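This report sets out selected residue contacts and the pockets of one protein model. The sequence and structure come first, and the description follows.

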Amino acid sequence: MLYLLCRGCCQKQENNFMLTLNEHLLNQVLLIAYQAGKHLQQFYQKQVHVELKEDNTPVTEADLFVSQFLTEKLTALFPNVPVLSEENCHISFEERKNWKEYWLIDPLDGTQQFINRTDQFSVLITLVRKNKPVLSIIHAPILSTTYYAMRDFGTFKKQVDQVKKLTKNTLNFDRPLRIAVGATTSQEKVRSILPKDFPCEFVVVGSSSLKSGLVAEGAVDCYVRLGQTGEWDTAGAEVLLGETHGAIFDSHFEPLTYNQRETLINPHFVMVGDQSLDWRSIFQFN
């Protein structure tokens with residue numbers, strides 16, 4: 001069903017229609033994200049059915065339901081724009097490479113955290129235009145926290161009813177480097193690419209998107225991922241960090257790409273809050 005929806009809207013993408021980046025568009029998508037968050041809250045209050053995908057990662061009925069919900073809502077509002085979901089990503093590169101603009105969604109970022117009941121999971125919605133993310137929303141319903149950003153508009157954090165615009169991050173080395181990781185087991189891997197005895201502190205946080213939010217707001221200095229992620233995991237962070245002087249780079253210190261390869265799997269990457277620093281002197285991938 002979802003695949004047919006995506007095929008239908010991508011056929012309309014042949015025209016030159018592009019969404020206008022403004023507060024009205026942002027508010028429309030925020031409303032959808034909040035509605036999706038309410039669905040996740042309802043699933044979170046009960047036992048959910050869990051299966052393993054081909055890559056041995058878990059998927060729940062909450063992932064699948066919210067994926068369909070988001071796809072239908074976005075398609076109804078923006079029928080000219082295709083939707084690519086983590087739970088419906090088997091659209092061929094031959095078909096999607098011609099998309100000028102599309103929605104990239106992760107209905108439940110942090111599925112394992114959802115299953116483990118850590119509260120650290122979120123809904124991700126990103127608008128990608130000409131292979132560059134330009135609008136993003138990261139909504140963590142249980143934490144009552146939402147990060148959102150739009151190109152040339154800024155990055156914001158909403159916690160309960162308080163909204164704060166995030167400012168440019170600057171970093172100096174008069175204290176240990178604060179590094180976000182997904183699990184305590186990742187710490188030794190990360191230490192292996194740092195200079196010997198380099199002063200650092202690790203912060204363990206569940207979902208990839210929430211770690212990117214911490215980088216954008218300056219609560220941590222960087223987030224290192226030496227494992228498998230998808231483009232939906234990082235697209236939203238590109239906008240958050242792009243508006244706060246941050247950046248994402250791979251092990252060759254090159255930017256990540258979006259919808260430019262057959263695979264949607266990311267290489268290893270680092271998200272940094274202050275792109276002006278000489279990160280090559282810190283992370284020694286070779």
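H39 is in contact (heavy atoms within 4.5 Å) with F65, V66 and F69, neighbours within four places in sequence being left aside. The residue H39 belongs to helix 2, residues 23-44; helices here are DSSP runs of H or I with at least four residues, strands are runs of E with at least two, and both are numbered from the N terminus. Between H39 and V66 the C-alpha to C-alpha distance is 7.1 Å, although 27 residues separate them in sequence.

The model is predicted, so that local features need pLDDT of at least 70 and side-chain atom pairs count only at pLDDT 80 or more, while totals for chains, interfaces and linings use all residues. Residues are numbered from 1 along each chain as its sequence is written, and side-chain values use heavy atoms, with hydrogens and water left out.

T146 is located in strand 7, residues 145-150. With a relative accessible area of 3%, T146 is buried (under 20%; exposed is over 50%, partly exposed in between, with a 1.4 Å probe and protein chains only). The side chains of T146 and H139 are joined by a polar contact of 2.8 Å; the term denotes a pair of N or O atoms within 3.5 Å, where within protein one must be able to donate a hydrogen and the other to accept it, and residues adjacent in sequence count only if both atoms are side-chain atoms. Beyond four places in sequence, the residues that T146 touches include L30, Y34, I137, F156 and K158.

A pocket is an open set of points on a 1 Å grid over the protein atoms alone, where a 1.4 Å probe fits, with protein on both sides within 12 Å along at least five of seven lines; lining residues have an atom within 4 Å of a point. A volume is the space filled by probe spheres set on the points.

| Pocket | Volume | Lining residues by class |
|---|---|---|
| Largest | About 1,200 Å³ | 14 nonpolar, 19 polar, 13 charged |

The 14 residues lining the second largest pocket include K132, P133, E238, V239 and Y258, which lie nearest its centre. Helix 8 gives the most to this lining of the second largest pocket, with three residues.

Key
Ala, Val, Leu, Ile, Met, Phe, Trp, Tyr, Cys and Pro count as nonpolar, Asp, Glu, Lys and Arg as charged, and the others, Gly among them, as polar.
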